[in-house]
Amino acid sequence: MALHVRGVLLPDDEVRDVWLIGDRVTFEPVPGAETVVDGGFVLPGLTDAHCHIGIARGGAPITSLDQARELARTDRDAGVLAIRDAGSPYPYPELDDEPDLPRLARAGRHVAPPKRYLRDIGVEVGAAEVAATVAAQAAAGNGWVKLVGDWIDRGVGDLAPAWDADTMTAAVAAAHAAGARAAVHTFSESAVEIMVRAGVDSVEHGTGLSLDLIDLMARQGTALVPTMINIRTFGHIAEQARGKFPGYADHMLALRDRFPEVVRAAHEAGVPIYVGTDAGGGIDHGLAAEEMLLLHERAGMSAEDVLAAASWRAREWLGFPGLVEGGLADLTVYPEDPRVDLRVVRAPSRIVLRGRVLR
């Protein structure tokens with residue numbers, strides 16, 4: 001049966017009538033449609049653009065599709081109807097079109113340097129194998145590759161690039177040649193510079209960004225997914241590392257402390273920014289609203305800009321059209337205007353996914 005929705009559509013900011021026919025949106029009236037929303041503020045669902053439903057709480061890879069389903073449903077029930085899994089050690093292509101799960105944009109496994117990343121999560125390879133591994137992981141995902149651009153180098157006692165600059169640049173080129181977009185994990189100043197200049201499609205975290213690189217990202221259209229919830233953990237990371245690596249500990253704290261201003265500068269420069277929680281491992285699922293509030297309160301983004309970063313612009317970026325003619329039949333409804341009080345996004349009153357009412 002067709003569904004009818006009436007409410008204030010964002011970002012249009014006007015009361016509209018929308019009809020959902022199966023998994024498609026139309027603004028043409030459908031006689032006999034069941035009205036499932038009559039009032040409130042309507043978004044095309046939230047998006048978590050940096051999430052890991054292939055990693056269990058505590059950091060181990062999941063071992064079953066049911067575990068992935070459970071994590072994805074936790075996000076869905078918080079209003080997240082589209083997810084970009086930014087690296088999964090467990091393959092789950094079977095879930096791409098599962099009716100009650102969020103839309104999925106997936107990378108394969110992280111491509112990481114040997115013995116310099118989280119155990120059992122990435123495919124760890126030396127420089128000579130990076131390009132071929134990137135091509136293989138592009139085939140394992142459905143449009144994305146995840147590169148580990150830096151991690152602690154215990155010999156140096158601080159963050160350092162994963163491979164040499166030529167190898168990292170070639171990795172981005174290999175992803176593009178395979179028809180995938182490349183996302184890069186990076187905390188350090190040196191690695192993020194290499195990867196932005198190499199033409200990476202999205203910078204994950206990006207604590208080491210400089211003003212010059214921010215300007216370059218804006219010109220190139222390179223996206224930033226700040227994962228501010230993740231950056232809050234840097235204090236704990238520094239505390240654990242200080243005994244053996246005091247320089248690394250100080251570096252991590254300095255990166256954490258300057259990061260809100262980095263995100264603010266990126267937003268003001270016109271860098272595309274998207275909401276991502278880095279859920280999986282040490283960060284719980286279902287926290288997209290909290291990430292949105294951090295971007296608003298700490299980085300100074302307006303409520304409307306944060307909503308765009310979490311909803312219609314993020315969906316467009318990932319290839320999941322929103323509440324437009326012929327778009328996808330996903331929506332969340334809020335009883336009050338989230339542009340006035342962003343905290344409203346913590347509690348959607350109605351969730352419709354793929355044309356089915358879930359709440």
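Q: A nonpolar core is a set of buried Ala, Val, Leu, Ile, Met, Phe, Trp, Tyr and Cys residues joined through side-chain atoms within 4.5 Å. Which residues have the most contacts inside the largest one here?
A: They are Val134, Leu147, Leu209 and Met292, in a core of 96 residues. Helix H8 (residues 246-269) is the biggest giver, supplying 8 residues to this core. Helices here are DSSP runs of H or I with at least four residues, strands are runs of E with at least two, and both are numbered from the N terminus. Before going on, remember that this is a predicted model, where local features need pLDDT of at least 70 and side-chain atom pairs need 80 or more, while totals for chains, interfaces and linings use all residues. Residues are numbered from 1 along each chain as its sequence is written, and side-chain values use heavy atoms, without hydrogens or water.

Q: How do you know where this core lies relative to the two domains?
A: Look at who contributes: domain 1 (2-43 + 322-357) and domain 2 (46-318) both give residues to the core, so the core lies between them. The bounds come from an automatic or database domain assignment. The C-alpha centres of the two domains are 30 Å apart. Their contact takes 23 residues from domain 1 and 26 residues from domain 2.

Q: What makes Leu147 a residue in contact with other parts of the chain, and which residues does Leu147 touch?
A: Contact means heavy atoms within 4.5 Å. Not counting residues up to four places away in sequence, Leu147 touches Val111, Val134, Ala171, Val172, Ala182, Ala183, Val184, His185 and Met195.

Q: Why is Arg315 called buried?
A: Buried means under 20% relative accessible area, exposed means over 50%, and partly exposed is in between (1.4 Å probe, protein chains only). Arg315 has 0% relative accessibility, so Arg315 counts as buried. This arginine sits in helix H11 (residues 312-318). Leaving out residues up to four places away, its contacts include Pro44, Gly45, Leu81, Arg103, Phe320 and Asp330.

Q: What makes the pair Arg73 and Asp100 a salt bridge?
A: The term asks for a side-chain nitrogen of Lys or Arg within 4 Å of a carboxyl oxygen of Asp or Glu. The closest N and O atoms of Arg73 and Asp100 are 3.3 Å apart, so the pair qualifies. It joins distant parts of the chain: Arg73 is in helix H1 (residues 65-77), and Asp100, 27 residues away, is in the loop between strand S6 (80-85) and strand S7 (103-106). Arg73 is partly exposed, because its relative accessibility is 29%. Asp100 is buried, because its value is 18%. In general, side chains of opposite charge can pair when their charged atoms come close.

Q: How do you know whether Asp257 is buried or exposed?
A: Its relative accessible area is 53%, so Asp257 counts as exposed. Asp257 is the partner of Arg256, with the closest N and O atoms 2.9 Å apart. Arg256 has 30% relative accessibility and is therefore partly exposed.

Q: How many salt bridges does a search of the whole structure find?
A: The search finds 22. Some residues are joined in a network of salt bridges: Asp23, Arg24, Arg103, Arg315 and Asp330.

Q: Why is Ala33 called buried?
A: Its relative accessibility is 19%, so Ala33 falls in the buried class. Ala33 is found in the loop between strand S3 (24-26) and strand S4 (34-43). Beyond its neighbours within four places, Ala33 is in contact with Ala2, Leu3, His4 and Trp19.

Q: How do you know how the chain compares with a compact globule?
A: The globule rule is 2.2 Å times the number of residues to the power 0.38, and the radius of gyration is taken over C-alpha atoms. For 359 residues the rule gives a value near 21 Å; the chain has 20 Å, so the two agree. Of these residues, 58% count as buried. The chain has 11 helices and 18 strands.
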